[in-house]
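Visitor: I'd like a close look at one packed spot in this model, down to which residues touch which. Could you start there and then work outwards?

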Amino acid sequence: MSRNMRTYYYAILGAIGGLLAWQLSNYLGLSFTGAFYINVAIVGALVGLIVGLFIGIAEGLLTRNWFQALKSGLFSALAGILAGAVGLTVGEFLFEAVGAGEIGRTLGWALFGLLIGLAEGMLGRTEVWKPAVGGLIGGAVGGLLLELIGVRFAADVVTGKAIGLVLMGALVGLFISLIAVALSRAWLEVTSGKLKGTEFMLDKFMHKGFPSIAIGSSPLKSEIVLPDPDIAPQHAMLSGNGLAFSLKDMSLAGTYINGKKIEQIQLTNGQKIRMGNTEMVYHEKR
């Protein structure tokens with residue numbers, strides 16, 4: 001999946017998460033206990049769990065790596081519980097106690113988006129700050145729209161809440177991916193094989209001293225998984241030096257760069273990589 005389509009799917013999955021979160025919160029209501037802020041925290045945790053889950057599984061779904069989808073989804077769902085409980089409670093406190101009005105709630109949603117983005121960045125393939133900034137922007141914009149929609153649909157709270165949460169989830173997902181894509185420095189584009197069109201961002205792994213990552217066919221042994229029977233479970237290793245990547249072959253079948261078999265090489269922009277029946281192009285942006 002191309003990086004542009006990646007952003008589209010992040011937004012769609014975020015919107016689905018927002019819709020399901022609305023349905024669940026609407027079904028459960030707000031009166032869990034006699035304490036208002038505890039009720040807000042519980043509802044926020046439920047919203048965060050579902051939105052976090054759907055945004056978390058996005059990367060794994062796009063690359064057909066079901067193990068990553070499960071791992072990232074569960075981690076993001078747990079982080080979403082914290083994000084929702086903290087973000088919505090802070091927003092309501094600023095709204096009710098401090099008198100910050102709709103801006104207070106918007107700041108709470110911005111915090112919500114920030115925490116969701118942090119969770120995505122921890123298990124993603126880009127620096128943590130990029131999805132965190134994206135989540136912050138998405139949460140702030142979504143929170144502002146949610147408040148404006150609430151005013152517009154004051155007579156129909158259920159509809160207003162539904163539209164607001166769908167937009168919230170979509171914008172958090174969209175900006176998490178959009179910022180990471182716009183600022184990405186290195187990525188692999190699959191040009192043939194079952195994942196043709198998919199792009200793997202590599203920014204986080206470029207840092208000097210970061211552990212090497214494996215490219216292979218096994219989701220348990222490799223970070224970049226290519227579903228190709230002619231690719232070894234752990235076919236090659238990528239190592240960053242802070243500026244670029246070196247690629248080391250670990251297979252019996254061989255790894256080829258621009259048609260030549262290699263043992264180890266430093267990658268440069270535009271080089272074509274072949275493993276088994278899968279071809280990729282290495283992209284680097286200075």
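Guide: Setting aside neighbours within four places in sequence, S76 is in contact with G52, L53, G56, A119 and E120, where contact means heavy atoms within 4.5 Å. Before going further, some ground rules: this is a predicted model, with local features needing pLDDT of at least 70 and side-chain atom pairs counting only at pLDDT 80 or more, while totals for chains, interfaces and linings use all residues. Numbering runs from 1 along each chain as its sequence is written, and side-chain values use heavy atoms, with hydrogens and water left out.

Back to our spot. S76 sits in helix α4; helices here are DSSP runs of H or I with at least four residues, strands are runs of E with at least two, and both are numbered from the N terminus. With a relative accessible area of 4%, S76 is buried. The cut-offs are under 20% for buried, over 50% for exposed and partly exposed in between, using a 1.4 Å probe and protein chains only.

Now for the helix pair around there. We describe two packed helices by the angle between their axes and the distance between those axes. Helix α2 spans residues 36-56 and helix α4 spans 66-96; their axes come within 6 Å and cross at roughly 145°. The axes are lines fitted to C-alpha atoms over the stretch in contact, with angles between N-to-C directions running from 0 to 180 degrees. The handedness of the α2 and α4 crossing is right-handed, meaning that the near helix is turned clockwise from the far one, whereas a left-handed crossing has it turned anticlockwise by less than a right angle. As for what lines the contact of α2 with α4, there are 12 nonpolar residues, 10 polar and 2 charged. In that scheme Ala, Val, Leu, Ile, Met, Phe, Trp, Tyr, Cys and Pro are nonpolar, Asp, Glu, Lys and Arg are charged, and the others, Gly among them, are polar.

Skipping residues within four places in sequence, F112 is in contact with G48, V51, A83, G84 and G87. For a sense of distance, F112 and G197 are 85 residues apart along the chain, and 32 Å separates their C-alpha atoms.

R64 lies in the loop between α3 (58-62) and α4, and it has a positive phi of about 55° despite not being a glycine. R64 counts as partly exposed, at 48% relative accessibility. N258 also has a positive phi, about 50°, without being a glycine. N258 is in the loop between β7 (255-257) and β8 (260-262), and with a relative accessible area of 47% it is partly exposed.

Helix α7 (residues 157-182) holds A180, which is buried at a relative accessible area of 1%. Not counting residues up to four places away in sequence, A180 touches T126, K130 and M201. A180 and E127 are 53 residues apart in sequence, yet 8.1 Å apart C-alpha to C-alpha.

For contrast, look at K196, in the loop between β1 (186-192) and β2 (199-201). K196 counts as exposed, at 61% relative accessibility. Beyond residues up to four places away, it touches V190 and T191.

Finally, the whole thing. The protein has 7 helices and 11 strands. Its radius of gyration is 21 Å, close to the 19 Å from the globule rule for 286 residues, so it is as compact as a globular protein of that length; the radius is taken over C-alpha atoms, and the rule is 2.2 Å times the number of residues to the power 0.38. Buried residues account for 50% of the 286. Of contacts between residues at least 6 apart in sequence, 59% join residues at least 24 apart.
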